[in-house]
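Q: I have this model open and want to walk through it. Can we take it piece by piece?

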Amino acid sequence: MAMRQTPLTCSGHTRPVVDLAFSGITPYGYFLISACKDGKPMLRQGDTGDWIGTFLGHKGAVWGATLNKEATKAATAAADFSAKVWDAVTGDEVLTLAHKHIVKSVNFTQDSSCLLTGGNDKVLRIYDLNKPEAEPREISGHTSAIKKALWCNDDQQILSAADDKTIRLWDRNTGEVVKTLSFEASVGSMEYVPDGEVLVITYGRTVAFYNAQTLDLIKTVDAPASIHSASLHPDKDFFVAGGDDFKLYKYDYTTKEEMESYKGHFGPVHCVRFSPDGELYASGSEDGTLRLWQTAVGKTYGLWKCVLPEELSSENSDALYCPPAEIKA
């Protein structure tokens, strides 16, 4: 009897979910934030998907969302030409940062003192959150819209991915480009894994892994469909990817072999991320839902309760049993 993957479905959004991010592990567990075209980013308990609250204030689609490690602050990037910083405990808006165009990406430094933004005006901006009235520092160089911008290498450098089919590594202090990667297709997503300095990027049907310090290629893996997002497990044993064919794929990182694939969404998968403890991964889709998937199917974790067959008084089953019904979070 094969184990069945039973995702937790997190509903509540009314439009496509386009970005998601986990906090670090806090004394209260870890948390998940989702960005959606409905303009209402949501905060959830990370291991169960339980809704905690919705951040209200944007007047357009929210394209990017992030939490700081402690889950005390949230930041969002939106089509209303603004980025916002929120108190993630109370849900209150702390700061609105006006931009000249649609904002696509937000990222905190490790100490939460600075916020990095990027968007359709092709400019990277660094805001000092301790001096909210100060003008941001601007870094220019991309020739089209910035999709993702991330701090890396102990916040001394910045990685940015743009529609000009490049990823650039910048020196934070000088604002100069350290190295540029060029691709045949526009980069769909970019994930930075600080432990081991690995950069995970997707373009077309390819998932590529780079050294984040040197931007040297480690390996590429080709998928059966166009991939929008990929995430590497914290232990680097495997990675997951999702895209146009509504499926989530899990690959062995070392051998590059496909381990399993699941279809749960009813639309293309826009974003996928592993939880900080690696026990689950979350996916966001065009269908307006988030889904949480178990990394090790059959383990009791979060809302997943798996019962041993002897507890079911079943003599002819020798495998773990998971209820096949879909669980709503």
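A: Let's start with Trp293. At 1% relative accessibility, Trp293 counts as buried. Buried here means under 20% relative accessible area, with exposed over 50% and partly exposed in between (1.4 Å probe, protein chains only).

Q: What should I know about the source?
A: This is a predicted model, so local features need pLDDT of at least 70 and side-chain atom pairs count only at pLDDT 80 or more, while totals for chains, interfaces and linings use all residues. Residues are numbered from 1 along each chain as its sequence is written, and side-chain values use heavy atoms, with hydrogens and water left out.

Q: OK. How many aromatic pairs does the structure hold?
A: There are 12 aromatic pairs. The rings of Phe, Tyr and Trp (its six-membered ring) pair if their centres lie within 6.5 Å; planes under 30 degrees apart are stacked, over 60 edge-to-face, the rest tilted.

Q: Which kind of pair do Phe22 and Tyr30 make?
A: Their ring centres are 5.7 Å apart and the planes sit at 70°, so the pair is edge-to-face. Phe22 and Tyr30 are both buried.

Q: And how are the rings of Tyr262 and Trp293 arranged?
A: The pair is stacked, because the planes are at 20°, with the centres 5.9 Å apart. Tyr262 lies in strand E25 (residues 258-263) and Trp293 in strand E28 (residues 290-294), so the pair ties together parts that are 31 residues apart in sequence. Strands (E, at least two residues) and helices (H or I, at least four) are DSSP runs, numbered from the N terminus.

Q: Is Tyr262 buried or exposed?
A: Tyr262 counts as buried, because its relative accessibility is 17%.

Q: Which residues form an aromatic cluster?
A: One cluster is formed by Phe209, Phe239, Tyr249, Tyr251 and Tyr253.

Q: How does the lining of the largest pocket split by class?
A: It has 18 nonpolar, 11 polar and 9 charged residues. Ala, Val, Leu, Ile, Met, Phe, Trp, Tyr, Cys and Pro are nonpolar, Asp, Glu, Lys and Arg charged, the others, Gly among them, polar.

Q: And what lies nearest the centre of the second largest pocket?
A: Val18, Lys147, Gly188, His228 and His270, out of 24 lining residues. The space there is about 570 Å³. E18 gives the most to this lining, 4 residues. By class, the lining divides into 8 nonpolar, 9 polar and 7 charged.

Q: How many cavities of 30 Å³ or more turn up?
A: The search finds 1. The volume of the largest cavity is about 30 Å³. His99, Asp121 and Arg125 are among the lining residues. E11 gives the largest share, 3 residues. The lining holds 3 nonpolar, 5 polar and 2 charged residues.

Q: Back to E6. How enclosed is E6?
A: Largely enclosed by the rest of the structure, because 5 of its 6 residues are buried. E6 pairs with strand E7 (residues 73-78) in the antiparallel sense over 5 bridges. Pairing needs at least two DSSP bridges between the strands. Thr66 stands opposite Ala75 in E7.

Q: What about the hairpin of E6 and E7?
A: There are 5 residues between the strands, and Ala71 takes a positive phi near 60°.

Q: Last one. What is the strand order in the open sheet of 4 strands?
A: The order is E10-E11-E12-E13, with antiparallel pairing. E10 (103-108) and E13 (137-140) are the edge strands, each pairing on one side only. E10 and E11 (residues 114-119) pair over 5 bridges, and Ser105 has Gly118 in E11 as its bridge partner.

How values were computed: On a 1 Å grid over the protein atoms alone, a cavity is a set of points where a 1.4 Å probe fits but cannot get out, and a pocket is an open set with protein on both sides within 12 Å along at least five of seven lines; lining residues have an atom within 4 Å of a point. Grid points are joined across faces, edges and corners, and a volume is the space filled by probe spheres set on the points.
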